[in-house]
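Me: Please take the structure shown below and work through a set of questions on its side-chain contacts and helix packing.

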Amino acid sequence: MAEPLIALDETPETRVVIAGWRRQWSDGGNISSGMPRWLIDKLSARRIGRMTDEISRMCFPFQVAGTHDLYRPRAAFDDGLPSRPMQWDNGFWDAGDGLVIFLGIEPWYRIDLYGQAFFEAVAALGNPKVAAVEGYNGPAPPDEERRISCVYSKASMADEMRRHGMLFSSYGSQQRQGPTVGMAMVSLAHYDHPDVEMVRVGAMAPMFPFSGSSGGQLGITTDHRAFYDIMRRLRALYSLDIDLSDLRPRYEEEATRLQESLERVAERNDEARRYIERVRRDHSFLAFEEPIELSPNIEGALADILGQLDPPGEENGTSAR
């Protein structure tokens with residue numbers, strides 16, 4: 001008998017799954033690992049299940065030589081006694097209002113088996129829509145809206161994605177490029193799970209090829225502006241009732257701090273100044289404004305007001321001549 005791949009304690013009524021991954025390649029701005037965790041904490045989401053130990057055995061290494069702790073599973077001891085089993089944590093959280101959050105770890109092996117587990121969970125939750133969130137680093141003005149791109153599993157989704165301010169990625173069409181885990185899951189959905197509607201949403205977190213005071217490149221490590229610009233789109237796309245106002249002071253502070261660092265670099269180096277100016281001049285994105293939904297009472301009042309403003313003689317579709 002095959003080992004189970006998922007263990008769900010509950011299967012709440014679910015409209016949307018938002019998924020992200022820790023320890024993964026496409027986690028610029030901590031978008032893939034940080035945004036789901038931010039949602040879990042903000043919405044006080046309850047853990048309702050996980051991928052099983054079979055996934056841990058088949059999809060992850062114990063370690064990679066020279067990396068010390070980076071790829072080892074979690075372990076814990078209490079006064080010398082093991083307090084929980086070793087695990088690679090791939091968990092599901094119920095955030096209420098039809099939203100389930102998945103936060104996992106990018107698999108090293110058997111993406112087919114990992115994908116089978118993920119889509120088994122999606123099916124158990126009633127086949128909701130799925131959005132994977134990821135990030136990548138690149139030069140971008142810190143104070144401007146992020147460039148948001150996507151890949152999607154069904155051709156019928158294209159118009160809706162475009163209306164919600166997403167550019168379409170042609171990643172891998174010109175040369176060989178390996179997929180991110182989110183892209184891989186969309187590809188699996190397209191070919192192996194055609195009933196699933198899944199989109200991978202990616203944002204570019206600002207990163208410049210200049211050294212900062214800490215020795216690393218100048219950029220935004222956790223890009224709350226990207227959180228904000230992705231979530232505005234997902235909130236409108238899936239009719240989610242999530243307050244994003246707490247992100248604004250965070251991303252404004254991050255943008256100010258990076259902008260000041262870039263200005264100091266530009267003052268010392270003309271070539272760097274020209275590079276920074278060119279990045280701002282060439283920055284492109286698909287702007288998105290969330291639609292404002294009015295209550296029926298307000299809509300009725302507006303209709304009455306507009307009706308009173310009709311020109312004399314224009315009644316029942318006829319015009320006075």
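Me: In this predicted model, is F208 buried or exposed?
Reply: The relative accessible area of F208 is 1%. Buried residues are those under 20%. F208 is therefore classed as buried.

Me: How does Y275 count in terms of accessibility?
Reply: The relative accessibility of Y275 is 24%.

Me: Which geometry describes the ring pair of F208 and Y275?
Reply: The ring centres of F208 and Y275 are 6.5 Å apart, and their planes stand at 80°. Planes over 60 degrees apart fall into one class. The pair of F208 and Y275 is therefore edge-to-face.

Me: How many residues apart in sequence are the parts that F208 and Y275 tie together?
Reply: F208 belongs to strand β11 (residues 198-211). Y275 belongs to helix α8 (residues 270-282). The separation in sequence is 67 residues.

Me: What is the class of the aromatic pair formed by F92 and F102?
Reply: F92 lies in strand β6 (residues 91-96) and F102 in strand β7 (residues 99-105), and both residues are buried. Their rings are 4.8 Å centre to centre, with 45° between the planes. Stacked pairs need planes under 30 degrees apart and edge-to-face pairs over 60. The pair of F92 and F102 is tilted.

Me: Is helix α6 parallel, perpendicular or oblique to helix α7?
Reply: Helix α6 (residues 224-238) and helix α7 (residues 247-268) pack with their axes 8 Å apart, at an angle of about 135°. Angles over 145 degrees count as roughly antiparallel, and those from 65 to 115 as roughly perpendicular. The angle makes α6 relative to α7 oblique.

Me: Which residues of α7 meet α6?
Reply: On the α6 side, the contact involves H224, R225, F227 and Y228. By class, the contact has 4 nonpolar, 1 polar and 4 charged residues. The α7 residues are L247, R248, R250, Y251 and E254.

Me: Over which ring does the charged end of R225 sit?
Reply: The charged end of R225 is 4.9 Å from the centre of the ring concerned. A charge sits over a ring if CZ of Arg is within 6 Å of the ring centre and within 35 degrees of the ring normal. The ring is that of Y251.

Key
Residues numbered from 1 in each chain as written. Predicted model: local features only at pLDDT ≥ 70, side-chain atom pairs only at ≥ 80, totals over all residues. Heavy atoms only, no water. Axes fitted to C-alpha atoms, helices over the stretch in contact; angles between N-to-C directions. Helix = DSSP H or I, 4+ residues; strand = E, 2+ residues; numbered from the N terminus. Parallel < 35°, antiparallel > 145°, perpendicular 65-115°, else oblique. Contact = heavy atoms within 4.5 Å. Nonpolar A, V, L, I, M, F, W, Y, C, P; charged D, E, K, R; others polar. Phe/Tyr/Trp six-rings, centres within 6.5 Å; stacked < 30°, edge-to-face > 60°. Buried < 20%, exposed > 50% of the residue type's maximum accessible area, 1.4 Å probe, protein only.
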